[in-house]
Amino acid sequence: LSRPRRSSERRIYYDTFDWRLHRQGMALCSRSADDGALLVLEGREARLDQPVQKTPCFAHELEPGPLRETLAEIVENRRLHATVCLDERAECVDVEDGEGKTVVRMRFERSSASDPAAPQRSERLPFVVHVRALRGYRAAFRAVCRTLAAVPGSREAAGRQLDRALARLDREPRDDAAKLELDVWPGQPAGDVVRLTLAALLRTMRVNEDGMRRALDPEHLHDFRVAVRRARYLVRGARNLLASDAYDSLRSDLSWLGSATGPTRDFDVHLEQLRSDAERLGPEEEDALSPLVSLLLMRRADAHGHLLDALSSTRYAEFHAGAQRICEPAGAAIDPGPAVVELASLRIWKAWRRLVRNGRAIREDTPAAALHEVRLDAKRLRYLLDFFHRAFPAREVRRLMRELRRLQKNLGAFNDARVQQSGLRGFAADLVAGGEARPESVIVIGRLVEDAVARERAERARFAGHFAQFDSPGNRKRVRRLFRSHSREESAS
Amino acid sequence: LRILATYSIKGGVAKTATAVNVAHLAARSGERTLLWDLDPQGAASFYLRVKPRVKGGVERVLDERRKLWRRARESDFEGLDLLPADFSYRNMDLALDANPRPRKRLARLLAPLRRRYDWIVLDCPPSISLVSESVFRAADVILSPLIPTPLSLRAHAQLQQHLRGLKKPPRLLPFFALVDRRKSLHRRVVSEALSTDPGFLKSSIPYSSRVEEMSTRRAPITAFAPHSRSALAYAALWGEVHERMNDAGDA
């Protein structure tokens, strides 16, 4: 054995609030170095690193390079949070053959993990020995492994040190995910499914609340709003199953929450769009847009203040308490109703027909408002499929979802371009009125409006193709087969 | 992938030391490098502490159906692998001759390594033989060390003439090694050659007992004494090789 080489290191791991890196089997960590830190992104097959002065909050804050590109592709515009801090003391020892040639490298690690948000709690991790074979020396590697395996109490360590650290800190990497994955079977009473879905949506709201309050990541608010919208649509669709007072209070509170969160989200969207536009246009344009960014940040701060008031209000607390009561299994607020497959089929069939009818009516000269209606129809159908997809054959629903997602993407991009235009026009007018607009700012805003108009036209031109694909004979047949028979029975009964 | 061979018709001119140090410098700069010891004495293998043992002998190594990279041994230096030689390599000429198109054999064996390595360094045995002919076919550049004496220059001229006769000759980069500045002959030969032949690399490797220490330390001098005069000379030589290769690429 060679003489041991000792080292110690602190590694802080980062991920998005919805664990995007973890879900991709990747890990991002910063390692302390003499002049700043080294940011390392490790996956199953590749490792990228980049020296940084300080750890970035977003991928776009990094210097351009392969690490930034790879990271941005995965985390998009989500904020990076410190998830776990690992303090490691290691000893590296080489196993040498008779010639003094290294044949196996070993690393003995003693680590402790702590939660960056509560660093006072530190947990010791199991003692780990890493054994690395050198190419051409497999026999020596196997011999070392056999020797280690014979040590009482030792076992082959599965997974990564990061996962062991998260487990020791009782952190479940997928605990914040907003995806609705409920166990639903066709014969289950519809009321049960409504209750479980509503409870899951309330949970999503709760999970995102803290991040929203502290403005950690715009996606917290986004996910919160999606949960609110889904809940509104669920409640509306389950009107016959809900007690009238429960229905009324949920409808009114959810509508209020939607309004209370809307303005902040609008500014988030505008700011995000501005950031990507500025990146595309260049540093001069970015500078010209700075008065607009300042204005939006100021207004966002105001809107966020109102949002915080809403979240701290008695009404919000009462909404959650009331909704939780409605979701209690023993509660009488939700009627069991028919089998979920019947209710879901009827709702999905109706939503489909409405979407198809409105979509088919779109012509080249149809006003944009009609297209906006189609977007909402598509959203409603999507929510229904999200709620009830488990009650139908997975493969068939997946195909339908794929086509629907494509259509929604097109309609969403069309809508975003329109919202951006009207927003920019309004903000430009406000800047001019307030005397804050520099001529170059107005010129660049004008360019952005033009870009948005071009995008709107392009998306509109694409709509016919996307819709035709969605409304294809194959898809129509699939929807009829999946949902129509049940919906007829339901209608007859 | 770029293939560099250290070659000289004469023996004892620091071919192996050059191959080992240059391969180490390449690996140290982050390039995945393979050093193939083609000399039956196995000196490069010895320097890197790899046992001179070749399973099945050189005949099996030259068998195209067997993957060459599987025989590579990872050295103690990150990014540097070695294909060791043993005494069976003395029959490499015969083994090559037993194949159809023997001069193309090495190039064909090395072609699949394109994805695995950025540089392959061939440490050749001295003399002109079928092995060296195969090396000339496979290599992009021949790094040829010369002791600054008239006899070495004569051998270099012979090599130049021989390469000129090839259809696609590799680029020849001669340089002076084992230069003893105390000897007026060395000083004169170096100065005349550099002023008259622009093909010579400007960097030269001084005669130094520290280079000889490589055989007791069993490591490249660029690893155990990276700030020594010889190691710095090798680094300068490597830089110049890189530059010349890039110039050739641009041209």
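Predicted model: local features only at pLDDT ≥ 70, side-chain atom pairs only at ≥ 80, totals over all residues.
Residues are numbered from 1 along each chain as its sequence is written, and chains are lettered from A in the order in which they are written. Local features were considered at pLDDT of at least 70 and side-chain atom pairs only at pLDDT 80 or more, whereas totals for chains, interfaces and linings use all residues, and side-chain values rest on heavy atoms, without hydrogens and water.

Over all chains, 13 aromatic pairs were found, a pair being rings of Phe, Tyr or Trp (its six-membered ring) with centres within 6.5 Å, classed as stacked if the planes are under 30 degrees apart, edge-to-face if over 60 and tilted for the rest. Among them is the tilted pair of Phe267(A) and Phe427(A), with 6.3 Å from centre to centre and 35 degrees between the planes. Because Phe267(A) belongs to helix α7 (residues 244-281) and Phe427(A) to helix α13 (residues 394-433) of chain A, this pair ties together parts that are 160 residues apart in sequence; helices are DSSP runs of H or I with at least four residues, numbered from the N terminus. Both Phe267(A) and Phe427(A) are buried (under 20% relative accessible area, 1.4 Å probe, protein chains only).

The ring centres of Phe463(A) and Phe467(A) are 5.5 Å apart with planes at 25 degrees, so this pair is stacked. Both residues lie in helix α14 (residues 439-470) of chain A, four residues apart, about one turn of the helix. Together with Trp352(A) and Phe470(A), Phe463(A) and Phe467(A) form one aromatic cluster.

The charged end of Arg116(B) sits over the ring of Trp69(B), 3.5 Å from its centre, the criterion being NZ of Lys or CZ of Arg within 6 Å of the ring centre and within 35 degrees of the ring normal.

Conventions:
Helix = DSSP H or I, 4+ residues; strand = E, 2+ residues; numbered from the N terminus. Buried < 20%, exposed > 50% of the residue type's maximum accessible area, 1.4 Å probe, protein only.
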